[in-house]
Amino acid sequence: MFQPVSPQLDLVALEETVLDRWRSDDVFARSLTLREGQPEWVFYEGPPTANGKPGVHHVWARLFKDIYPRFHTMRGKHVIRKGGWDCHGLPVEVQVEKELGFSGKPQIIEYGIAEFNARCRSSVQRHVEDWQALTSRIGMWLDTDGAYWTLSNEFVETVWWLFSEMWKNGDIYEGFKVVPYCGRCGTALSSHELAQPGAYQDVTEPSVYVRFPVIDRDFDLVVWTTTPWTLPANVAAAVGPEIEYVRVRDPLGGRDLVLGRDRAQAVLGDDIIIVGTINAADLGGLRYERPFDFVEIDATANIIIVADFVTVEDGSGIVHLAPAFGEIDREVCEPYGLPVLNPVDENAHFTDVLPTQYRGRFVKDTDADLISALEQSQRIVRVQQYTHSYPHCWRCDRPLIYWAKPTWFARTSEHRDDLLRENETINWFPGHIKHGRFGNWLEGNVDWALSRDRFWGSPIPIWRCNDCGHDECIASVAALSERAGRELTDLDLHRPYVDEIRIPCSQCSGTARRVEPVLDAWFDSGSMPAAQLHYPFENVEQFNSHFPADFICEAIDQTRGWFYSLLAVNTLVFGKTPYRNVVCLAHIVDQDGKKMSKTKGNIIDPWSILNTRGAEALRWYMFSSGSPWTPKRVFEDAIDETSNRFLRTLWNTYSFFVTYAALDGFTPSNHAEPSTHVLDQWIRSRTHRTLDTVTGALESFDALAGAQALDTLIDDLSNWYVRRSRPRFWKASDRAAHQTMHECLTLIATMLAPFCPFISDEIDKNLNNDGISVHLRDWPAVDQTAINDALESEMAIARQLTTLGRSARANAKIGVRQPLRKAIALLARDVVLRDEVQREIEIELNVKAIEAVENLDGLLSYRIVPNFKVLGPKLGKLLPEVKAALAEVDGADVRATHSQGKAFALRIGDQDFEFGPDDLEVRAEQHGELALVQDGGYAVALDLELNDELRAEGFARELVRHINDKRKHLDYAISDRITLRLEVGEAAVAPATLHLEYITTEVLATSAIVVPITNETIEGETSTMVAGHQIHAVIALA
RNA sequence: GGGGCUGUAGCUCAGUCGGUUAGAGCGCGUCCCUGAUAAGGACGAGGUCGAUGGUUCGAUUCCAUUCAGCCCCA
């Protein structure tokens, strides 16, 4: 017996009940043990950074990380879902710095690295709790108890091992490179950190055109820079080999100015006087006086170099080179043996090499002072505000500088071909990422800057000898213990504790200590396939059977983040991709398509939706509304709309079923023969076809297609099957109907389970009360014998015909309670509707008969249109002519010819054509009269002529409705029996009496009489008009 | 400057391996139903599928250019 169900759907309450049940029955764990020994379907959790509360965009990714594992579990796979938390890195440090009110590394060191890192650790733990709560509430099944934490010693030890493997292969080196550098955070940023949203911002700042007086010549170069602060580090100027340079009179009477011809007017104005031209080659090798003499430099520097990269797109066509502050500068200067002048410290402040007014200041803040110094020395040609996109620190938002600093690298660029090869084997969803955003990124791969001069991270496991400088890479705690000569099993593998471990140098008598930096946190997350299992120190078998992943899923910003670090670490170490399928979601935006941000105040807190609408509403919205590859607008009205439409319709339908199944005492049978009723056959066909579609969709990571198929099915079920079948439930107690609907609802709940795990579990539990959660069921097999193409297409036609019929009734202003003698339906050629289908149309349209005809000559005309798909390839260029000729043909002739099984012959121009039935389409056209409506090949005409019999029947139906309405007002129960006395006007006595038996049955009367109406009224009741007759229905409980 | 995505009804979005009649929901208008009822449903209006050019018998769909928005890179 089914539990009664409220027609009102309270998702939040329902979800809490289901969550409790999952908890007490341990359903998630059981869904795993159930599949033990079955094939693995491997999922990797991309660890969220635990440095803040999760937002609605995180929910999106988490839901997609949930649906496919749920689906594959039901498909019989063993899908372990180990959670993970990304614990290290600058975001966490910045968070803690904020809490402590710090603004840089010196304060941290003063505070103590041990204490600082302890705070980082507890900050992570705090936020992980938020994440766990949300993960559970949205119905995401993830093993958070067994989650990997990148801060754990085991995890770090594997990271060391992976790093050491690269080291062994020669893929790790320490280089000197110009990197985007944040002085505040005291660290370089990797290129994928630069890829974080908000890193590039448009800024307007002064750019300067500076005079570089050429030595032993009588002219000055005009050199352009957008970073005046780099001028003290200038060592060279570059000119382009193909660029023509001109010599221009200085309007202020100084020495002549030299710059690119194409830029002369833009820089100096239209009135310039050009007094000569100079080749780049003639400039090359000349020396000049540099703008500032603060930094010592040998006499061979400050030369003009000819270099290809110089352009005349902007600037002056002459480029200032400061190798310490530009990667191109460094590359160009290196072959000339030019020095790297670096008067900037690790805080991005000028060092003491500069005069007092500059030293100790953030370099970018000295631009104005440097410019005025140049003005005083009459070196400025022009200052111009310049707007360009400039990189900022993605966490502290301060402008970065390009700065030469020692950095550890992984030689990813040497493995570019491997990375590209492996990428070819990955299925990207959407597909364009593969060769687009991600493929392009791999093509342009540069070595991965791995080191961070910070505190809270996996320490780089390299020990360097103080004396000889020899580096040794440590691959494990055991190795470190052995080299240090003491047991270090309990050592916290973080700074400052690892820093204190010294080992003897293997090459000399010196002592080695760990190099200072920690690893990029992306290296941690990229290490997770092995590190989550502490491979190779443990779980070797398990790792082997869980690599690579079948499925990972993150938002698109991870192309250069986790998607890359995973591929890079694992390709370099294991030689192959760690994932086969990757679902790549777009971003969440607000109602207006704007990015959500705290400053705009348009953030949606997931909890506010979960607490008011429920997780299921959010889930269904995320899956069913719009493609996951396009930015998704999230706002409450949209969620309500979607969930009302689908979830509430489903619930209503379910509640309807349970209500009548309970009334009828229906219990489902496992051995019931499929019903032969046409509606039952039809909805079974629809359901199994949908199952087929949903299965295929989820197999190919297309949740949207699956959701749409389910959406259509629910509409079919509610608006056609239930609508048409209602009397079979409440009047006929039709077992076959109950059985069919039970089967369909069960199938729907089952295939909905991965999408909406709460409501589906609840429905399934009530429908099949066998103590087994829907999530422990096998994904159902499609019953191919249930799928009936012919029936589905007939029913589709039937529904189209009823639409036309309703439209015709509406046009004629005839209500549907009034029966009509017949409807004439024009069907497309070859369409035959079986009697039962026809009968459904008759009842729905309330007509006594449907007359299917092949022509409605006289009522409408036909237009003959080529079947373009067939005739196009056959006729080619002749088609437009044929189309025109066919438009002139009498459609009735064509129909007649074809119905005789002959081809329709036509002479067009001087050519003879024959058109078979497949070559042409016959379209009904024009309204012949009021009650006829046509659409394409179909038309319905209603016979509007009424006789007394039809009128009487219509009247009876009106009476039934009136009486039932009254029952409801009196709050009678559906099954209450009544006595009925009908007082009706003189003219209505006969019609009412004629159908009294029908009326009696319909209103559940035990007795009924018809009497002429009197003027008396019964207390509280008055007579009313029904179908033009005055009536007074007196009812009472029997 | 380069790469990628998006542009379809007032709004949110599907769809079209090229076929001449482009769909849904919401909203709007007009109604219906009253045994799913503090529910449900129908019908209707509304679109030159961002623009231009090309390929084709035929383009919203393919190609090129272009405009706008978003994302990424430099």
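How many positive and how many negative side chains does chain A have, and how far apart do the centres of the two sets lie? Colour chain A by charge: there are 105 positive and 149 negative side chains, with the two centres 2 Å apart, where Lys and Arg count as positive and Asp and Glu as negative, while His and the chain ends are left out.

This is a predicted model, in which local features need pLDDT of at least 70 and side-chain atom pairs pLDDT 80 or more, while totals for chains, interfaces and linings use all residues. Residues are numbered from 1 along each chain as written, chains are lettered from A and ligands numbered from 1 in written order, and side-chain values use heavy atoms, without hydrogens and water.

Next, show the C-alpha trace of chain A, which spans about 125 × 85 × 60 Å along its principal axes. Of its 1038 residues, 55% count as buried, that is, under 20% relative accessible area with a 1.4 Å probe, protein chains only.

Now select asparagine 234, in the loop between β6 (219–225) and β7 (236–239); this residue is buried, with a relative accessible area of 0%. Display its side chain together with histidine 320, because the two side chains are joined by a polar contact of 2.8 Å, meaning a pair of N or O atoms within 3.5 Å, one able to donate a hydrogen and the other to accept it. A polar atom of the asparagine 234 side chain also lies 2.9 Å from the backbone oxygen of alanine 236.

Methods. Buried means under 20% relative accessible area, exposed over 50%, partly exposed in between (1.4 Å probe, protein chains only). The place of a charge is taken as NZ of Lys, CZ of Arg, CG of Asp or CD of Glu. Helices (H or I, at least four residues) and strands (E, at least two) are DSSP runs, numbered from the N terminus.
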